[in-house]
Structures are given as C-alpha cells and as structure tokens.
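This report goes through one protein model, from its overall build to single residues. Keep the sequence and the structure in view while reading.

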Amino acid sequence: MIAGPQARIVAPDCYTGRMELPVDRIVETLRGVPPPAFGPEEICARLKGVLLDPRTLAPYLHFANKRYTRNLIYRDEIFELLALCWEPHTESPIHNHSGQLCWLSVQRGALRLDNYRSLDGPGPGDGIRLVPNGGIERAGLGVLDLQQGENGIHRVSNPFDERAVSLHVYSRPFDICLAYDPVAKTSREMRLVYHSVGGKLVGRRVEHRQ
Ligand SMILES: [Fe+2]
C-alpha cells in the first residue's frame, strides 16, 4: 500500500462484501440517483462491493494489442459508465478528469494506481511540476477508487501478467482531459475516444475478444 494523505481509497484490498449484479442493474441503480445526490457518498455506497456478473459484462469487453481500451456501456447528461480493458503491461497517460468525479472499480485481475499532485495548477501549459501523491501498488478485485477535484491526477496501469478490467463512472461525462508529461513538465489537452459503444466496435478497430 502506498496510499498518501490525499488518496481517496474507498474500499481496501481486503474488502469482503461481494455483491454480483448484472450490468443492467448497475445502470438502473445509477440512473435512479437524483442528480443533486450524484456525489461521492451516494455513488461510493452504490458501487462498494459490486462485482458485475461476468456474463453480462462480456459483450463490453474488447482488448487491443499493447494498449488499454475504453468501452462505453451507458451515457446520459449526468454520468457515463465504461469498462476499461487492460492487456498486461499497459498503462494510461498521467491525466486529470476535467474537474469531474471519477470512480474506478477493479472487476478482473489487478491494477496499479499512482496518484499525483500538481505544484503549478492543472494547466494546460508548460512548467507543470507533478509530485507523487500516493496510490495502490496492487489494487485487486473489488477495490474502489475515487478521483475528485483539482488534485484528481493519476496514472492507471497494469504492470501484471494477466489481463485486467475496470469499471468507471464519470460524472459528469467529459470528452477532453489533460495529459501530463512529468519529464517535459507539460500539460496538454487529450481527446478521449471509445473503442466500442454499446458493445459494438467503433470504426475500423480490430476485434481481440476476451
Ligand atoms: Fe482516470
């Protein structure tokens, strides 16, 4: 465990309260939250301990060689729900969440979560210094993480030898965030794309099923 004081790790590795739900049920559950209540407390309570029924999650799982994929399950004006598929030894850029809330729940395998803090504001721009801000070396099945506020900067990676899947809830949805290069000390806008939408591959992407 490398959690720092700013890290918001809601459910630890040793969680025990497993609850298996079909994908439709979690969408229904989240849609049932009144917009003003769609915040950390309410959504953490609803996601904590939830493992999606693998049979209902399978249509949304699309892997790609040497990178991770973002697969949209559901989106409205309040939130979007995605499954991210991680081949072994893949990683995201260091990024923020455009000031929105982001919940991550490990549904298969394990992920490494590294949090950062900017000494120079979020950017975009040059001369942006990042410092490590805790995280989890190995977030296993059921671990729930929340990124929020200006310091919601992190990198998610799968340094392990098995594929991993994470479920993400973003509220509100966003299509652009900032990506950080800690060596060049830059912060640049990054457009987010989906690998699949509603289970269907976008454009000419190549299928690599689970
Ligand atoms: Fe993220």
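## Contacts along the chain

Among the contacts in the protein with a separation of 6 or more, 76% are between residues 24 or more positions apart. The model is a predicted one.

## Overall build

The protein contains three helices and 18 strands. Its radius of gyration is 16 Å, close to the 17 Å that the globule rule gives for 210 residues, so the protein is as compact as a globular protein of that length. The C-alpha trace spans about 45 × 40 × 35 Å along its principal axes.

Of the 210 residues, 33% count as buried.

## Strand β4 and its partners

Which strand pairs with β4 over seven bridges? The partner is β5, residues 80-86, and the two strands are antiparallel; β4 itself covers residues 68-75. Four residues lie between β4 and β5, and the two strands form a hairpin. Within this pair, Y68 has W86 of β5 as its bridge partner.

Strand β4 is also joined to β17, a strand of residues 196-197, by two bridges. Here the strands run parallel. The residue opposite S196 of β17 is N71.

In a regular strand, side chains alternate between the two faces of the sheet.

## Y74, a residue of β4

Y74 lies in strand β4. Is Y74 buried, exposed or partly exposed? A residue is buried with 20 or more other C-beta atoms within 10 Å, and exposed with 12 or fewer. Y74 has 18 C-beta neighbours inside 10 Å, so Y74 counts as partly exposed.

Leaving out residues up to four places away in sequence, Y74 touches V27, E80 and L81. Between Y74 and L167, which are 93 residues apart along the chain, the C-alpha distance is 12 Å.

## C102, a residue of β8

C102 is part of strand β8, which covers residues 101-108. This residue counts as buried because it has 20 C-beta neighbours inside 10 Å.

Which residues does C102 touch, not counting those up to four places away in sequence? They are H97, Q147, G152, H168 and Y170. E80 is 22 residues from C102 along the chain, and their C-alpha atoms are separated by 9.8 Å.

## Two cis peptide bonds

The peptide bond from G123 to P124 is cis, with omega near 5°. P124 sits in the loop between β9, residues 111-118, and β10, residues 125-126.

A cis peptide bond also runs from S171 to R172, where omega is near -10°. R172 belongs to the loop between β14, residues 164-171, and β15, residues 176-181.

## Two lysines with positive phi

K66 is not a glycine, yet its phi is positive, near 60°. K66 is located in the loop between α3, residues 54-57, and β4. With 8 C-beta neighbours inside 10 Å, K66 counts as exposed.

K185 is not a glycine either, and its phi is positive at about 60°. Where is K185? K185 is in the loop between β15 and β16, the latter being residues 186-191. K185 has 15 C-beta neighbours inside 10 Å and therefore counts as partly exposed.

Methods
Residues are numbered from 1 along each chain as its sequence is written. This is a predicted model: local features need pLDDT of at least 70, side-chain atom pairs count only at pLDDT 80 or more; totals for chains, interfaces and linings use all residues. Two strands pair if DSSP finds at least two bridges between them. The radius of gyration is taken over C-alpha atoms; the globule rule is 2.2 Å times the number of residues to the power 0.38. Two residues are in contact if their C-beta atoms, placed from the backbone, lie within 7 Å.
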